[in-house]
Amino acid sequence: SSGINAEWPLRPGYRALIEILSSLPDNTRVYCGHEYTAQNLKFAKHVEPDNLAVLAMIEEVAKKREAGEPTIPTTIGQEKTFNPFMRVKESGVQKFAGCSDPVEVMKVIRSAKDKFRG
């Protein structure tokens, strides 16, 4: 799952994730450089505790980890369902952020992710 580096400029980061990556076909595979999927999902659950896609992915990742399998790749379509950084226009993520402007939502959740120790 994609997180965003704290130094990443906000508007270009928003553009990259929301306007460019989100427009790719849903079956586009996403390969991240590190195996952070389980930790990123903990944060996603913190942001959207009632998101069924997050809860299902947490289960799937746990099973894969237990079997010694990699949890990547995911797809753009999957990321859109559970990655809060790709869900800044969704009401659950906006509720967590306390605002509705997608760029501001991204800023709030980036700050929350930096402090998250779940």
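This is a predicted model: local features need pLDDT of at least 70, side-chain atom pairs count only at pLDDT 80 or more; totals for chains, interfaces and linings use all residues.
Local features need pLDDT of at least 70 and side-chain atom pairs count only at pLDDT 80 or more, while totals for chains, interfaces and linings use all residues. Residues are numbered from 1 along each chain as its sequence is written, and side-chain values use heavy atoms, with hydrogens and water left out.

Helices (H or I, at least four residues) and strands (E, at least two) are DSSP runs, numbered from the N terminus. Helix α2 spans residues 37-47, and its buried residues are T37, N40, L41, F43, A44 and V47. Here buried means under 20% relative accessible area, exposed means over 50%, and partly exposed lies in between (1.4 Å probe, protein chains only). These residues are on the same side of α2, because they cover an arc of only 160° around the axis; the arc is that of the directions from the helix axis to the C-beta atoms. The cover over the buried residues of α2 includes α3 (52-66), α4 (76-82), α5 (91-97) and α6 (102-115).

A nonpolar core is defined as a set of buried Ala, Val, Leu, Ile, Met, Phe, Trp, Tyr and Cys residues joined through side-chain atoms within 4.5 Å. In soluble globular proteins, nonpolar side chains tend to be buried together. The largest nonpolar core of the model has 16 residues, and V88 and M106 have the most contacts inside it. Two or more residues of this core come from each of α1, α2, α5 and α6. Helix α6 gives the most, with 4 residues. Residues up to four places away in sequence aside, V88 touches Y14, I18, V93, Q94, P102, V105, M106 and I109, where contact means heavy atoms within 4.5 Å.

A salt bridge is a side-chain nitrogen of Lys or Arg within 4 Å of a carboxyl oxygen of Asp or Glu. By this rule the count comes to 4 salt bridges. One of the salt bridges joins K80 and D26, with the closest N and O atoms 2.8 Å apart. K80 lies in helix α4 and D26 in the loop between α1 (10-20) and β1 (29-30), so the pair ties together parts that are 54 residues apart in sequence. K80 counts as partly exposed, at 26% relative accessibility, and D26 counts as partly exposed at 44%.

In the salt bridge between R87 and E48, the closest N and O atoms are 2.8 Å apart. This pair links distant parts of the chain, 39 residues apart, with R87 in the loop between α4 and α5 and E48 in the loop between α2 and α3. Both R87 and E48 are buried, the relative accessible area of E48 being 7%. Apart from its neighbours within four places in sequence, E48 is in contact with R87, G92 and V93. The C-alpha atoms of E48 and A62 are separated by 19 Å, with the two residues 14 residues apart along the chain.

A salt bridge is also formed by the side chains of E60 and K64 (3.3 Å, N to O). E60 and K64 both lie in helix α3, 4 residues apart, or about one turn of the helix. An α-helix has 3.6 residues a turn, so residues three or four places apart point the same way. E60 is partly exposed at 32% relative accessibility, and K64 is partly exposed at 23%.

On the surface, I20, L21 and L24 form a nonpolar patch with about 210 Å² of accessible area together. Patches are made of residues with over 30% relative accessible area and no salt bridge, with like charges joined within 9 Å and nonpolar side chains (Val, Leu, Ile, Met, Phe, Trp, Tyr) within 5 Å. Accessible areas come from the Shrake-Rupley method with a 1.4 Å probe, and for residues only the protein chains shown count as cover. L24 lies in the loop between α1 and β1 and is partly exposed at 32% relative accessibility.

A56 lies in helix α3 and is partly exposed, with a relative accessible area of 47%. A56 and F82 are 26 residues apart in sequence, and their C-alpha atoms are 9.5 Å apart in space. I72 and P73 are joined by a cis peptide bond, with omega about 10°. P73 lies in the loop between α3 and β2 (74-75).
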